[in-house]
Amino acid sequence: MRRALALLPVALFVLVLAGFMVGLRRDPAILPSMLIGKPLPAFALAPLRPGEPGFASAELTGEPVLLNVFASWCGPCKEEHPVLLRLKAEGVKIAGLDWKEDAADGARWLAANGDPYVRAGNDASGRTGIDLGVSGVPETFVLDRRGRVRYRQVGAITPEVWSRTIAPLMAKLEAES
Amino acid sequence: MRRLALIAAAALALAGPALAVTPDEQLRDPAQEARARALSQELRCLVCQNQSIDDSAAPLAHDLRVILRERIAAGDSDRQAVDYLVARYGDFVLLKPPFQPDTWALWLGPLAVLLLGGAGVAVYMRGRAARPESPLSVADEAEAARLLAADKGD
Amino acid sequence: MAAEVGQFALILAFVLAVVQAGATLWGAQRGEPVLMALGRAAAVLQGGFVILAFACLAASYVACDFSVALVAQHSNSQQPLAYRFAATWGSHEGSMLLWVLILAIYGAGVSLFGGTLRETLQARVLGVQGLIGVAFLGFLIFTSNPFLRLSLAPLEGTELNPLLQDPGLVSHPPLLYLGYVGFSVAFAFAVAALLEGRVDAAWARWVRPWVLAAWVPLTAGITLGSLWAYYELGWGGWWFWDPVENASLMPWLLGTALLHSALVLERRGALVSWTILLAILTFSLSLVGTFLVRSGILTSVHAFAVDPRRGIYILGIIAVTTGAALGLYAWRAPSLRTGALFAPLSREGGITLNNLFLVALAATVFLGTFSPVFIELVGSDKISVGPPYYARTFAPLAIPLLALVVFGPMLNWKRDAAAAVLRRVRIPAGVAAAAVLVGLVTVGWKGVVSAAALGLAAWLVAGALAIPARRWWAGRANLRRSIRTTPPAVLGLSLAHAGLGLLLLGVTGVTAWHSDKVLTMRPGDSTVFAGRTITLESVGLADGPNYQARQARFDITGRGGPYTLVAERRAYATSQTTEAAIHVTPLGNLYISGGDEADGGVVVRLWDHPLVVWIWIGGFVMAFGGLVSLCDRRLRLGVAARAPRPALVPAPAE
């Protein structure tokens, strides 16, 4: 009995250690999205690009599309931008949500840095972002043909993230009816 | 990859005061405001490092405080107002973890450790009391008896 | 030049640590006095070289040598001298060097002052210390070298985070590390005892002062951290259940249990395997704390810049250190002799119960801190644990413990009678009842819980003071002599337990009776708050050594007044801080924070914190009590001095 009890601490320790080892690989700040598998909450965004209307959530159906949340005041967004432009050139459909700033600032930034978006809208108050569960920028949602969220990328889309995670997913979504 | 902008905001939030609610955020009705304050203290600021939205000056915390107050002013119960945010951000926004199967160990653990430990101690003490103390082995006892007897002879 | 010397000293220290560990453990195994002496010498030398390395880094900081990467990242020439020096440990690498410094000094201490120990035991203790030193010096040299040079030295460095430019930085980390790392000695003693296969009263006599020597600075360090957060962060909070705070609380809780367990082991020879296990676990939790802060496994206000690679290395150290120690425990502990019997109602029984509660409390903090990590592994749900959890789990466990603390020192060893015990606590019980009444009268029937907490605090203080009081009353025929011959350990225990009561007093006051107010004020505006009238007199600018401040000047009349308070918002080169204005009295603090400008005025935040100073007074009294106990010569003289070791005379060459 004593021997069994004496083994208990080391046994528990091994379990805890294993937990730490696996836990170390995770990023504690990244939240899982509550929308995975669900349709986008309904929204209608104000216009961002001069002369163009904004867009509504209902318009993001019919084909797999990325919804990219960005802002001109966001540093990593600037680093992500060239990747998005390249994706656009490759035919990927990206919708842009300009988060928590005036439409004028967002439009100016797009004009200066390039515009990868097929649709773009402005969310000055940030409420639509909060409805999407956004806690920072950049974030990108991957939507399927039926407008359901299948994946959320927290942080910038790097070439590695694209090739390893999002591109295969998009291919799969394309194949879906 | 970190969102540098948000980290900067969070760093500034560290420099800001708790009781981060501003006068213009506060609700008119003191009872509702008190409810909002109490609930805010149990909601996590998602872009900070371990602060509640009541304590943090981060912009997102501000937004969440405002939303919470809107829900309360609109007539939501405490549960409904909080659920509104949980629907968007998940259980992570709750500083008090919900009581559900994957948190049973978390909530019941402390008492369990105390009770199990107490039971262990009780069993151990009873087991010890049942076995009498015998610091000497049989051979030693005999040797001691021989020495004592020899001593008496002097 | 200094950095190169420091680098070299560090490498030499690493080599010496290897020698220390190898010579002592092999020497103890073989019973070779020469090897053991070599190990002892290596320990002292290693200490010397680590001191040299640390001095070199500190010198680089003080001299503003910006060619050293760390100095350029954490210090600049505008910083006051104290903070240039303290910045030495304001980074991951520097604080690791501080860690290793304290480890080496403790090791040297065991070598220099351990002459009365059994030689093989001392050798094994040094061996384990040496192994830990090897691990951490290796960590420093291979992953976190503090002496890296920049190929292009900047003209000016980045200043230290302004939040850290405070006297707190000069004292808080060194005290904490003296505590954390100090428990390595107890750990080493435990492992050495398991290796020897012997645990006796002499061992416990020897361990206790070292445990106290670690417990005192840890208590002081945690208290200081709380105080620093209170006035520095502009929040008025004093404990946040932040993971890194928890990382200091867990070793403290287990260290307190270890302290009491070692006492029982020394006096009665009981609780042998408990004491060994506690010694192992306390230091293991210190290591886990080190892991927490530097690996990025959890987000925390206190975390250094995270690097998972460092996390893996430290986790490896923990795996080997704790894993080997607990494995050794599983193998050897069952064959350690069991101690003397004791009745449930006895001092030993009381301490056993005390330790049970402390372990449960430590487990609670551990669960709260690490559950998010573990739960995320089993499912996709991500939860978070904050103060509301601890309020519902830690507090309910702590309260019965606090109530029982008074009984502990009043119980007789081995066996006691309930009626006699109850008789002894009559006076503290009376004091507690009076305090409850005072509480109820002051706050009304609504405040029953806080009045009860007040009673509990009074119970603790009165119960603690009753210990020496009973001694002095019993010896009242010759009172002066009675007082003069009171063992310091008794005074220490009384102070420590009383400090706990004062701590509870402060916690009760600030938790139950605080109030706050937020409003926009323009110069000339007045507001009434917590029995005081507060007027914003003016808003202006002022300059500091390396910052510019926007000041808000307040005139306060009414309770405790009249007086003036100045709240600041400081703009440093890289960031801003808020310096709250605090008026401190024993009955409570008025805490004012001047915020952003809005509508032509300033957003002013007011807090009333009743009795909050007693939290830190209590903490420091506890630490002081431990210090007084440490002065007890009975602890230090310890085992009767053995015959001096025969001098090692080299055999003449044939």
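In chain C, which strands form an open sheet, in what order do they lie, and is the pairing parallel or antiparallel?

Modeller: The model is a predicted one, and what follows should be read accordingly. The open sheet of chain C is formed by 4 strands, which run in the order β1-β9-β8-β7 with antiparallel pairing. At its edges lie β1 (515-521) and β7 (581-585) of chain C, each of which pairs on one side only. On average, neighbouring strands of the sheet are turned by 15° against each other, if direction is ignored.

One pairing within the sheet can be followed to the level of residues. Strand β1(C) pairs with β9 (residues 601-610) of chain C over 7 bridges, in the antiparallel sense. Asp516(C) has Trp607(C) in β9(C) as its bridge partner.

Chain C is divided into domain 1 (1-151 + 159-165), domain 2 (425-513 + 614-624) and domain 3 (515-610). The centres of domain 1 and domain 3 of chain C, taken over C-alpha atoms, are 44 Å apart. Between these two domains of chain C, 6 residues of domain 1 are in contact with 9 residues of domain 3. The side of domain 1 of chain C that touches domain 3 consists of 3 nonpolar, 2 polar and 1 charged residues.

Chain C as a whole contains 20 helices and 9 strands. Its radius of gyration is 27 Å, close to the 26 Å that the globule rule gives for 654 residues, so chain C is as compact as a globular protein of that length. Taken along the principal axes, the box filled by the C-alpha atoms of chain C is roughly 95 × 75 × 60 Å. Of the 654 residues in chain C, 55% count as buried. Among contacts in chain C with a separation of 6 or more, 73% are made by residues 24 or more positions apart.

A backbone detail of chain C also deserves mention. Cys64(C) has a positive phi of about 60°, although it is not a glycine. This residue is found in the loop between α2 (33-62) and α3 (69-74) of chain C. Cys64(C) is partly exposed because 17 other C-beta atoms lie within 10 Å, a count that falls between the limits of 12 or fewer for exposed and 20 or more for buried.

Lys100(A) lies in the loop between β3 (94-99) and α3 (103-113) of chain A. Lys100(A) is buried, since it has 22 other C-beta atoms within 10 Å. Elsewhere in chain A, a cis peptide bond joins Val137(A) and Pro138(A), with omega about 0°. Pro138(A) belongs to the loop between α4 and β5 (139-143) of chain A.

Key:
Residues numbered from 1 in each chain as written. Chains lettered and ligands numbered in written order. Predicted model: local features only at pLDDT ≥ 70, side-chain atom pairs only at ≥ 80, totals over all residues. Helix = DSSP H or I, 4+ residues; strand = E, 2+ residues; numbered from the N terminus. Rg over C-alpha atoms; globule rule 2.2 N^0.38 Å. Contact = placed C-beta atoms within 7 Å. Pairing = 2+ DSSP bridges. Axes fitted to C-alpha atoms, helices over the stretch in contact; angles between N-to-C directions. Domains from an automatic or database assignment. Nonpolar A, V, L, I, M, F, W, Y, C, P; charged D, E, K, R; others polar.
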